[in-house]
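This report describes selected features of the structure shown here.

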Amino acid sequence: MIQFKNIIKSFGPKTVLQDVSFDVPTGSVFFIIGASGVGKSVLIKHLVGLLYPDSGEIWLDGQEISRFDEVQMGPVRKKCAMVFQHSTLFDSMTCAENVALPLRKHKNLSLKAALAEARHRLEIVRMQEFADRYPPELGDGMRKRVAIARALTVDPSYVLFDEPTTSLDPVSARRVDALIRELSDKLGVTSIVVSHDLTSIFSIADRIVMLYRGKVRMEGGRQDFKATPDGVVQQFITGRATGPFEL
Amino acid sequence: MTTGNPQTEPIDHPHEELGAVGALGAAAIDLLIGARELYSVFVRTLYYVARGRREKGALARQMYEIGNRSIFFLSITMGFIGMILVYQAGLQAKRVVPDYTLLGATYLELLVRDFAASLGALMLATRVGAGIAAEIGSMVVTEQIDALRMCAADPIDFLIKPRFLASLIMTTMLIVWAGTVAFVAGAFTAYFAYDVPLQTFFNMALVDSGDLAIGLTKCVAYGAAIPIVSGYCGLSTFGGSEGVGWATTRAVVNTSLAIIILNFFISGAGFLIFPA
């Protein structure tokens with residue numbers, strides 16, 4: 001279980017998150033939605049110590065982690081993997097070496113053992129034939145799948161996806177959606193997905209929280225969102241250009 | 001530097017409303033914070049050099065990038081600098097004592113004690129320092145540094161350490177090579193411009209162990225300063241491509257400053273320990 005309690009975060013004079021609180025149920029596919037720049041990515045980075053809140057608490061499986069230092073964050077990052085928006089594979093390493101890196105660092109495996117395990121992990125995302133290729137040689141969808149394989153190597157309980165379907169073609173995007181759903185259904189992994197891809201949201205989300213102007217505007221299931229009379233939420237989920245939604 | 005995510009932090013100008021004295025004080029505090037973080041990068045690099053795991057091939061790759069790829073640039077620049085220095089020195093000598101017998105010996109002492117290391121390192125700062133800052137800065141703005149941290153790989157261990165070790169080795173070797181090129185270029189300049197025989201120019205009488213010790217100390221100090229300062233500039237990048245541009249500029253400026261300041265202190269210490 002993950003709990004965000006009264007998170008406040010500012011960058012200089014700009015307050016991005018204002019008293020954000022919600023719980024993420026274990027085993028669910030949990031979407032965080034909202035306009036670009038509203039602080040969705042900023043929020044999930046707090047969970048793994050890539051950012052620290054100005055105030056508020058973050059609880060992970062009964063432990064308050066918002067003030068953990070880099071060393072204490074090690075086990076948290078092993079438990080909560082992250083797939084970044086632009087895949088962030090290391091260009092100087094092959095796909096197999098990219099996937100092997102967390103195995104070597106988190107699990108202390110030898111290079112040979114890590115590479116063997118990495119190839120197996122690439123097979124799961126159907127990328128085994130590209131194991132010895134470098135990331136710049138691959139398309140966006142392929143890189144995303146390698147990034148997902150890298151995130152899953154340490155067998156995390158939680159996976160944070162930062163806009164996983166952005167810049168992907170529709171077929172690749174739906175494959176990524178299916179993979180996220182499978183993780184939850186078959187392995188019991190909790191997925192926190194930052195997205196504004198409406199197709200993804202309304203096909204695989206168990207719970208959704210919407211951030212608007214730095215605050216939680218609404219939290220609920222897919223049907224709750226579809227049925228809400230809130231004009232701001234309705235405008236966002238229907239993608240209308242005019243209405244009460246302010247950027 | 002390691003606790004935030006610089007690429008998401010907007011550029012603000014907090015000193016604008018403070019007035020002259022306040023802005024000066026704020027700038028001094030910023031300088032102190034920067035110095036502390038730079039020191040922290042240096043100490044953590046030494047820590048990982050002592051106990052971190054070696055990445056296979058990383059050191060060799062960086063030695064190639066820093067060393068082999070700088071040889072042509074450094075040879076050309078130091079060759080021309082050597083020619084200019086000897087030509088100018090010859091002109092000055094002609095006015096005062098029209099005798100060139102010690103031109104090579106004094107030039108060699110100057111090269112070994114100071115110029116080869118300092119000028120060579122300044123040249124390296126522009127090529128190597130800018131490259132390190134741009135590469136690491138790009139990794140910051142594309143979240144690759146965050147991804148490294150998520151993989152339990154400390155960016156200092158993974159990125160700065162191999163560059164630090166490679167720079168220590170290759171800066172020393174490059175400076176020895178660059179000094180040789182500058183000396184040979186100077187010898188031919190003296191031969192063609194002032195008819196100084198090559199065997200007269202190749203005179204090592206004035207170079208002693210103190211000069212060698214000072215020169216080598218500078219090589220090591222500059223070799224350490226270039227990756228640490230430029231790596232720190234890269235890691236403290238914020239914003240997008242504009243931020244990477246600023247990081248690169250700061251790396252060249254700050255590395256050059258570090259070299260000049262180190263030169264002052266090492267030369268000062270050298271004159272105390274090994275008086276001429």
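**Basis of the model**

The model is predicted: local features need pLDDT of at least 70, side-chain atom pairs count only at pLDDT 80 or more, and totals for chains, interfaces and linings use all residues. Residues are numbered from 1 along each chain as its sequence is written, while chains are lettered from A and ligands numbered from 1 in the order in which they are written.

**Sheet of chain A**

Six strands of chain A form an open sheet with mixed pairing, in the order E6-E7-E8-E3-E9-E10. Its edges are E6 (80–83) and E10 (215–220), each pairing on one side only. Strands are DSSP runs of E, at least two residues, and helices runs of H or I, at least four, numbered from the N terminus; two strands pair if DSSP finds at least two bridges between them.

E7(A) and E8(A) (residues 190–194) pair in the parallel sense over 5 bridges, with A:Tyr158 opposite A:Thr190.

**A:Pro156**

A:Pro156 lies in the loop between H5 (140–152) and E7 (158–162) of chain A. This proline is buried (20 or more other C-beta atoms within 10 Å, placed from the backbone), because 21 lie within that distance. Its C-alpha is 7.3 Å from that of A:Val189, 33 residues apart in sequence.

**Helix pair of chain B**

H5(B) (residues 155–194) and H7(B) (residues 209–235) pack at about 145 degrees, with axes 8 Å apart. Axes are lines fitted to C-alpha atoms, for helices over the stretch in contact, and angles run from 0 to 180 degrees between N-to-C directions.

Key
A residue is buried if 20 or more other C-beta atoms lie within 10 Å of its own, exposed if 12 or fewer, and partly exposed in between; C-beta atoms are placed from the backbone.
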